[in-house]
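Here is a friendly walk through one protein model, with the sequence and structure to follow along.

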Amino acid sequence: MTSPLFETTHPGEPWPERLGPGAVRLHGFALTEAPALIAEVARIAESAPFRHMITPSGHRMAVAMTNGGALGWVSDRTGYRYEPLDPLTGRPWPPLPDCFLRLAQDAAAQAGFAGFVPDACLINRYQPDARLSLHQDRDERDLSAPIVSVSLGLPAVFLWGGLKWKDPTRRIPLVHGDGLVWGGPDRLRYHGVLPLKAGQHALLGEQRINLTFRQAG
Ligand code: SIN
Ligand code: FE2
């Protein structure tokens, strides 16, 4: 039975929530596509394996990463940057699957960023206790394009800060299928992820996968 009162609140139905002038959380946005996205992540990781990169200060990152697209985000002792070749294999990063591209463009458009053409998808894998400390995404050449993020697997708490590192942070729970888009005046907001809580996800087991799409080159 349906009631008009509940038309917009069906469980599992996508809905947008504004977080700032240029930031939107898209609840449940990627739920239907999730199995296909997960299959593509597995395919990408076959040719560009997940690895723990080293920060410029010499620390091994807790989050394991790989990339798809013409450019991939990398970190090592010399700094952060985008590279066309995977330093681990010497080969180009696997191309962005069509379903990745469509999803990212759709999310950006829903958040008001038409014409988003990502050339990079950073794929983050969090296992229990893995965290990502507060940072800005600022290695992309053109900061007028937004960042589009898609969360899969175990839930996480996203830290949503301000334009200064010391600004207060808001805790935003992200669950399987959620999208998050930040651009325009919110593009350089500090953000991070709290240590992942242990758990089991029906599709991904004991992990969280996050895709972030960027227009990097
Ligand atoms: C990132 O900031 O690159 C990833 C954020 C996330 O895993 O949700
Ligand atoms: Fe980031």
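Strand 9 (residues 156–160) and strand 12 (residues 191–193) run antiparallel to one another and are paired over three bridges. Two strands pair if DSSP finds at least two bridges between them, while helices (H or I, at least four residues) and strands (E, at least two) are DSSP runs, numbered from the N terminus. Across this pairing, F158 stands opposite V193 in strand 12.

Both strands belong to an open sheet of four strands, in the order 7-12-9-10, with antiparallel pairing. Strand 7 (132–135) and strand 10 (170–174) are at the edges with a single partner strand each, so one side of each has no neighbour in the sheet. On average, neighbouring strands of this sheet are turned by 20° against each other, direction ignored; the axes behind such angles are lines fitted to C-alpha atoms.

## How the model is read

This is a predicted model, in which local features need pLDDT of at least 70 and side-chain atom pairs count only at pLDDT 80 or more, whereas totals for chains, interfaces and linings use all residues. Residues are numbered from 1 along each chain as its sequence is written, chains are lettered from A and ligands numbered from 1 in the order in which they are written, and side-chain values use heavy atoms, with hydrogens and water left out.

## Rings and charges

How many aromatic pairs does a search of the whole structure find? There are five aromatic pairs, counted when rings of Phe, Tyr and Trp (its six-membered ring) have centres within 6.5 Å; planes under 30 degrees apart are stacked, over 60 edge-to-face and the rest tilted. The rings of F100 and F213 have centres 5.8 Å apart and planes at 85°, so this pair is edge-to-face. It links distant parts of the chain, with F100 in helix 2 (residues 98–110) and F213 in strand 13 (residues 208–214), 113 residues apart. Both F100 and F213 are buried (under 20% relative accessible area; exposed is over 50%, partly exposed in between, with a 1.4 Å probe and protein chains only).

The charged end of R125 is over the ring of F50, 4.9 Å from its centre, and R208 lies over the face of Y126, at 4.9 Å from the ring centre.

## A buried serine

S149 lies in strand 8 (residues 147–153) and counts as buried, at 2% relative accessibility. Its side chain makes a polar contact of 3.1 Å with the side chain of N210 (a pair of N or O atoms within 3.5 Å; within protein, one must be able to donate a hydrogen and the other to accept it, and residues adjacent in sequence count only if both atoms are side-chain atoms).

Leaving aside neighbours within four places in sequence, S149 is in contact (heavy atoms within 4.5 Å) with residues including D178, W182 and N210.

Methods:
Axes fitted to C-alpha atoms, helices over the stretch in contact; angles between N-to-C directions. Lys NZ or Arg CZ within 6 Å of the ring centre and 35° of its normal.
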